[in-house]
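Hello,

Here is the structure I promised to pass on to you. Have a look at it first, and then read my notes below.

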Amino acid sequence: MATTGDLAERAREEIRRLAEARGHPTDNARLALDRLDQAFAAGELQRTPRLDEAVGDLRLALLQDEGQPLGGKSAEASRFILRAIVRGLEEA
Amino acid sequence: MERLFGRPRPSDDEKRRIPPGQYLTGKWPVLHYGSVPRTDLSTWDFKVWGEVERPLDLSWDAFRELPHTAVHCDIHCVTKWTMLDADFEGVSVATILDLAIPKPTARFALAHCEQGYTANLPLDVLRDEDVLLADTYDHEPLEPEHGYPLRLLVPKRYFWKSAKWIRGLQILDHDAPGFWERYGYHNEGDPWKEERFSER
């Protein structure tokens with residue numbers, strides 16, 4: 001069952017706003033991931049298998065070795081996976 | 001092949017080889033997420049596991065000793081570029097499957113790559129004669145950004161299915177979406193049907 005209450009709704013709204021903000025998708029993704037981690041840690045939202053998978057995949061897309069640029073598909077992956085995360089927030 | 005505004009202009013014969021919605025490129029673009037992985041061939045291996053009678057764990061030297069075959073093909077990326085007349089060499093996936101002996105229940109495979117990348121394909125597609133585990137392009141080892149030391153080559157599908165930096169094949173009795181397929185890319189990816197994206 002999804003988390004309810006003001007804190008949960010505020011967390012969902014903030015994550016949605018970060019995910020859909022103007023700006024570079026990889027920057028949005030990092031900010032949305034940070035806020036999602038906070039929400040999980042604070043108990044505002046609960047983990048789901050679908051969100052855990054998407055979060056894991058998004059972290060892979062953002063992996064960046066020292067001295068190397070991110071690949072060109074990191075931005076597209078961020079956009080696609082953020083959409084999945086936003087869809088999954090209602091179950092969290 | 002002439003050039004038009006920096007892009008090659010295809011001849012009539014070449015136009016027939018370019019799927020709908022694609023344009024011809026003369027250079028091989030580099031597209032991936034994350035960084036280019038560094039590879040140590042002394043610890044590199046290639047595994048086949050799952051619905052097989054004989055799981056495999058091949059070192060680089062063992063892989064290189066397998067019979068190699070050449071494939072001349074056209075490749076098509078979902079981002080709309082097509083490159084004609086590409087020359088790859090490698091080990092036929094059918095050869096690898098014959099070594100591993102898929103169980104009667106085996107129907108699909110999930111390619112596992114460095115950095116957690118995955119791509120799914122039916123086994124009957126992987127058994128096509130032009131499907132390789134490719135270790136050379138244009139008679140040279142793959143460039144790091146194009147998958148060194150090994151990539152899958154599946155010319156009949158959009159090129160995200162030709163997974164770079166491949167490390168193994170998981171043989172399955174069911175289909176399981178890969179990385180891009182989970183987030184909106186088409187499950188089949190046939191360029192001649194323009195199967196770019198799903199409804200997800």
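Predicted model: local features only at pLDDT ≥ 70, side-chain atom pairs only at ≥ 80, totals over all residues.

Helix 1 of chain A passes helix 2 of chain A in a left-handed crossing, meaning that the near helix is turned anticlockwise from the far one by less than a right angle. Helices here are DSSP runs of H or I with at least four residues, numbered from the N terminus. Axes are lines fitted to C-alpha atoms over the stretch in contact, and angles run from 0 to 180 degrees between N-to-C directions.

Residues are numbered from 1 along each chain as its sequence is written, while chains are lettered from A and ligands numbered from 1 in the order in which they are written.

Helix 3 (residues 49–61) and helix 4 (residues 73–88) of chain A also pack at about 165 degrees, with axes 9 Å apart, and are therefore roughly antiparallel. Their crossing is left-handed.

Between the chains, 12 residues of chain B are in contact with 16 residues of chain A (C-beta atoms, placed from the backbone, within 7 Å).

Enjoy exploring!

Technical notes. Contact = placed C-beta atoms within 7 Å. Helix = DSSP H or I, 4+ residues; strand = E, 2+ residues; numbered from the N terminus. Parallel < 35°, antiparallel > 145°, perpendicular 65-115°, else oblique.
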